[in-house]
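Thanks for sending this one over.

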Amino acid sequence: MDYGLSLIFTLPEIILTVSGLILILAAAWGGVKSARLVTILAVAAIFGASASALDLIVNPSFAAGGDAFNGLYRMDSFGSFSKLLIYFAGIVSLIIAPRFFTDIGTYRPEYPVLILFATVGMGMMVSAVDMMTLYIGLELNSLSAYVLASFIRNDIRSSEAGLKYFVLGSLASGMLLFGISLVYGFAGSTNFSVIAETLSGDLATGPLIGIVLVLAGLAFKISAVPFHMWTPDVYEGAPTPVTAFFATAPKVAAVALTVRVIIDAFGGQTSTWQQIIVFVALASIVFGAVAAIGQQNIKRLLAYSSINNIGFLLIGLAAGTAQGVSAMLFYLVIYVLMTLGSFICVMEMRDAEGKPLESLSSLAGLSQTRPGLAAAFAVFMFSLAGIPPLFGFWGKFLVFDAAVAAGMFPLAVIGIATSVIGAFYYIKVVKIIYFDDPANQIVQTGHKTENGVIALMALAVSPLGYLAIPLLAPVTAMAAQAIF
């Protein structure tokens, strides 16, 4: 084994790991006052990892990809593209955090360090081609996430969110481990390629249960129905910058991991996993849409929106083709932009005393007091609903087109029909903003960083986003082809 090549393939994770260890020492030495400096250095570290991941995509020497450390880790354009999305969400989550935590007096240098270690775990997840690498990466991400959810120690909602996430996450990890042990017992290996070769014929009951349990554990991580129960409570209770991070980066990692496990390890059992994915996709779409209708907290509403969008993403996976995976990756790019923009808008919801507001009623008449924020909110809501000509429409179109091309016309029709349900609660938010009597609760904050990021995200998901199709389409197609 060429250890030098293995180290090059894993360079993004090495950069983040070394940076995280150094910044832990800096945080311990500098104390609370070092929080802003540690955050800046963490952003720089993620930029460095992003540059390394980008080089692995564009450098012709690495076009064919390759395995590292005896087949435990795979470097390919699929993993590198997923990492770039994860790193982007991590950078934005770091940029928007200082003001939020400073205002409530809980800004500590541990936050950026935890983000770094979470991104290390997610990078391992999307490049895992062995069940052991999968589990280690997933747990590294999860352990960081549990602490991030309960980061505000004097807030009972944050503590509750962290505890719920930990308990339910442990349950999901147990299911995943049991499934992995069953698959290992019948396949004789934890390597994806060996599993795919061994489990290529008719399945006995044992490995079938193992596959179901593995998919159940992964469904928890992407918060797909019926393993979604943690999502609304954790999203509501966690600090808003943390919620923005949870709704984007870990979702990208978990979706990419699910794709790799299904295609690489269980690719020969299409009839088995396809039924599960179709059910989970439709259940997530319907439940996410229906449950969001009665929500009065904007963060809980966006939590159900996340569940709903995961359902649409899984339609692309259900197709089981390179076109379907390419559509998923394209949708993920748009989803990350829409979701980050929406949660940063939520961060701008503050009263005259600077306290965060989260109720839908506080948005009433926002168009009259803060027209710019109102317009951005409307753009994100309409884009999440998939209403043309906003860019969110294109993501849904691609996954439905992939399903039709794969001969799954009924699935596409049901998906399109149920997307109308979801449009209701997005339009409801816009109606409150523009047509309800002003509540005059949200005041002008004038924070240039947040306003600038919101403006960039809104432009990206506006019709201007279509200009990126010639760039993104071939990249997502190349990334999808890498795992087939």
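1. A word on burial before anything else: a residue is called buried under 20% relative accessible area, exposed over 50%, and partly exposed in between, using a 1.4 Å probe and protein chains only. By that rule Gly71 is buried, with a relative accessible area of 10%.

2. Some ground rules. The model is predicted, so local features need pLDDT of at least 70 and side-chain atom pairs count only at pLDDT 80 or more, while totals for chains, interfaces and linings use all residues. Residues are numbered from 1 along each chain as its sequence is written, and side-chain values use heavy atoms, with hydrogens and water left out.

3. Back to Gly71, which sits in the loop between β1 (66-68) and β2 (73-75). Helices (H or I, at least four residues) and strands (E, at least two) are DSSP runs, numbered from the N terminus. Leaving aside neighbours within four places in sequence, Gly71 is in contact (heavy atoms within 4.5 Å) with Val129, Asp130 and Asn191.

4. Buried or exposed, where does Asn70 fall? Asn70 is exposed, with a relative accessible area of 66%. Do look at its backbone too: phi of Asn70 is near 60°, a positive value in a residue other than glycine.

5. Ser223 also has a positive phi, near 50°, and is not a glycine. Ser223 is found in the loop between α9 (205-221) and α10 (231-237). Ser223 is buried, at 0% relative accessible area. Pro226 is in the loop between α9 and α10 too, and a cis peptide bond joins Val225 to Pro226, with omega about 10°.

6. There is another cis peptide bond to check, between Pro388 and Pro389, where omega is about 10°. Pro389 lies in the loop between α17 (371-385) and α18 (391-405).

7. Ser306 lies in helix α14 and is buried, with a relative accessible area of 2%. What joins the side chains of Ser306 and Tyr335? A polar contact of 3.0 Å does. That term means a pair of N or O atoms within 3.5 Å; within protein, one must be able to donate a hydrogen and the other to accept it, and residues adjacent in sequence count only if both atoms are side-chain atoms. Sequence neighbours within four places aside, Ser306 is in contact with Ser223, Tyr235, Lys251 and Tyr335.

8. Helix α4 (residues 77-103) includes Ser77, which is buried at 14% relative accessible area. The Ser77 side chain reaches the backbone oxygen of Met478 at 3.3 Å. Not counting residues up to four places away in sequence, Ser77 touches Ile57, Met478, Ala479 and Ala482. With residues up to four places away in sequence not counted, Gly90 touches Ile46, Ile115 and Phe245.

9. Now the helix packing. Axes are lines fitted to C-alpha atoms, for helices over the stretch in contact, and angles run from 0 to 180 degrees between N-to-C directions. Angles under 35 degrees count as roughly parallel, over 145 as roughly antiparallel, 65 to 115 as roughly perpendicular and the rest as oblique. Helix α2 (residues 11-30) and helix α5 (residues 110-127) pack at about 160°, their axes 9 Å apart, and are therefore roughly antiparallel.

10. Helix α13 (residues 270-293) packs against helix α14 (residues 298-319) at about 155°, with axes 7 Å apart; the two are therefore roughly antiparallel. Their contact divides into 19 nonpolar, five polar and no charged residues. Here Ala, Val, Leu, Ile, Met, Phe, Trp, Tyr, Cys and Pro count as nonpolar, Asp, Glu, Lys and Arg as charged, and the others, Gly among them, as polar.

11. α13 also packs with helix α19 (residues 409-435), at about 20° and with axes 8 Å apart, which makes α13 roughly parallel to α19. The residues of this contact divide into 13 nonpolar, three polar and one charged.
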